[in-house]
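Please work through each task before reading its solution.

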Amino acid sequence: MPLSLALLLAAVAAFGLMWALFVPPFETPDETSHFAYTESLVERQSLPGDSHRPEFSTAQTVADRAADASRAKDFLPAISPSWSAGGFRAYQTTARRGLSTSDGGGINPADPNPPLFYLYSAVGYVAGSAGNEFDRLYDMRIWSVPLLVITTLSAWLLAGEVFGRRRLAQVVCAGVTGLVPMEAFISASVNPDALLLALSGLALWLGARVVLRGCRRRDAVALCLLTAAAILTKATGYALVPAVLAALVLGRRRIAGNEREPALPQLGLPIVALLLPVLVWAAITTTLGRSLVNVIQPSARAHSFSVGGFLSYLWQFYLPPLPFQTPLHETAGLPVIDLWLRGVWGDFGWLSVPLPGLIYGLLTLVTLVVAIPVLGLLARIRDRERLELLAFFAIALVALLALLHVTDYRSLIDTGTALVQGRYLLPLLPLFGLAAALLIHRLPLNRRGPVGATMIAGLVVLQIVALATVGKAFYT
Amino acid sequence: MISRRTGVAFSVALLIGIALLAWSGSKYEPARAFSLELPFDHPSATLPAGRRACEGPIQSPMAFGAVRAFVLPAGSPAALEIIVSDADTGRVIARGQTPAVVGFSAVTATLNAPVPPSRRVTVCLIGGGPGRIVLGGSSAAGNPVRLRVAGRSVPGGVSLVMLEARRQSFISLLPTIINRATLFRPGWVGAWTFWTLALALAGAALALGVAVARAAFDEELRGQEAPSPPAGRA
């Protein structure tokens, strides 16, 4: 393993471990539900969602109350999470008497999720099973940290595929991916996004490999298996499918005619690898009477989907409303800033602990400084191979955005509440890392190292700012 | 040469960042003393200029020198005047004023005198105008503190946070933060865990510096290659 990669992965793992242990219990997005899902799988060997049972087990409810976790999550500025040593000792005494961990399993916002992440997370749960709920929760979080390392590794491999063995480009791409605070925060929590990010990163790498090197059967099958695994982790994984299919088609064209196998044997096995696990899960959900994907329940005041309304929503997501448009007010400011930009760089707790406003201003500037020149560079590409690679990445980006925007718009018209969060864009973070690497790569040779070093040092400082922000919000 | 410049750039950028963090973390701010533990999920009272909402008796477990409330001015900017008085005698102990704000805000009034610990006090919030101001609070039953708006008893309560009179820097609070972060954790986690992890993060920063310098060295070894290489193979 290259020294740069080994050092980078070790550093990312250290930050991940700090995030896993430092964030208070159940204070990451939907962590209560994801923990309850895993607990139901391990303790009851059953998926959650039984309407005759409580959502949380007694053990989880007592732990949550002792730490004031659920009360604090929405009103952190006014509610002090419990940091009483006496309260913790009282909890430990109660927990030692034995609290049921198997009386949960009721309807849970996470229960439409497929089980793959929860099966992975169960290893952490079991590792802490001799202790109390906090042992189990933190063991699960620590067990998620390797996923952050895999995501970082996938970005390294992706940059290697795109730029060749250019270590600086690889360090920058992987460093940006692994050190963005939101990525570390989410990956070090109990959340299926942690696995989705790792699988998406690997799929982007293998997809680029298939596009550039041709559709070799082994790569294609691995790519399709990863995509199936992403779908079995979270419904957002479906957004990978158009890009993966495009990669298979482009990769097949890359192979010279005399070496090319007939389409059916060459693409058949990968397609089976993609479809079979998903169809098996679909059959299981049908048998169990569960929904295959998360369903938005419309309210009595739901509006019907209209193309004009959707276009107006899209406009207002990225630009100020025009005088004749009905304002949507999805967020206080422009959603592209409030949701995408802030949410990707860092918004902690249950998205109730933002970074200081000045930092977001700087990060907006950094994002533009990377994105604008890179768009200029991409617009000048004429090489067919590069254009095909770009098409693969563009399809991945557009498919994810389309899925998120259609779902968000449906949620707005059906329930009046927004659904998207910045963290849903994190599966594409390796592409931002790639953009930063491209920028570095196009600099004169003598500037590449110093600029790349400044980027990585900036991310280290940002990690410390983010940890300090969380510490101040929860513990002072 | 490039790898040395890379190492220097990394060290300088990191040191500048850490110096800015240290400067920011050494600024003195009032820390939270205690709160009424009421969420702000409900409009508890609407105060035009001059109308008063009083909440008490509040037993102060520790001294405080500022009061924070969660407000939504209705239409135009609005401020709050806050008066803390003895719940038994009605004698005014301290008073303060928040700045006028627009939109939902957490506003803080610094009091002109600290409120001593172990006192039963009443906190009155008075609309400071010019606009009306909505106070965030909770409608939850069982709140031991009584809320009266314009002299009439109202269910629920206004969400208030009391801040310490003594200002503390973030850096001085680090031991407290670490001690609190050890609670509700696995049994093996103690303050030592976080101090060790802090050291590990320092090592991680060093490792990243070496990683990027080594990568720049590799780049240097490749020499003056074409700026736009062909699609590579990992």
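Helices (H or I, at least four residues) and strands (E, at least two) are DSSP runs, numbered from the N terminus. The model is predicted: local features need pLDDT of at least 70, side-chain atom pairs count only at pLDDT 80 or more, and totals for chains, interfaces and linings use all residues. Residues are numbered from 1 along each chain as its sequence is written, while chains are lettered from A and ligands numbered from 1 in the order in which they are written.

**Exercise 1.** Determine how many helices and strands chain A has, and state its radius of gyration.

Solution. Chain A has 19 helices and two strands. The C-alpha trace of chain A spans about 70 × 60 × 50 Å along its principal axes. The radius of gyration is taken over C-alpha atoms, and the globule rule is 2.2 Å times the number of residues to the power 0.38. For 476 residues a compact globule would have a value near 23 Å, and the 23 Å of chain A agrees with this.

**Exercise 2.** Describe how helix 10 of chain A packs against helix 11 of chain A.

Solution. Axes are lines fitted to C-alpha atoms, for helices over the stretch in contact, and angles run from 0 to 180 degrees between N-to-C directions. The axes of helix 10 (residues 192-213) and helix 11 (residues 217-231) of chain A come within 9 Å and cross at roughly 155°. Helix 10 of chain A is therefore roughly antiparallel to helix 11 of chain A (angles over 145 degrees count as roughly antiparallel). The crossing of these two helices is left-handed, that is, the near helix is turned anticlockwise from the far one by less than a right angle.

**Exercise 3.** Identify which helices of chain A supply at least two residues of the side that touches chain B, and classify the residues of that side.

Solution. Contact requires C-beta atoms, placed from the backbone, to lie within 7 Å. In these terms, 68 residues of chain A are in contact with 58 residues of chain B. Helices 1, 4, 5, 7, 8, 17 and 19 of chain A each supply at least two residues of the side of chain A that touches chain B. The largest share, 19 residues, comes from helix 19 of chain A. The residues of this side divide into 42 nonpolar, 14 polar and 12 charged; Ala, Val, Leu, Ile, Met, Phe, Trp, Tyr, Cys and Pro count as nonpolar, Asp, Glu, Lys and Arg as charged, and the others, Gly among them, as polar.

Definitions and conventions. Contact = placed C-beta atoms within 7 Å. Parallel < 35°, antiparallel > 145°, perpendicular 65-115°, else oblique.
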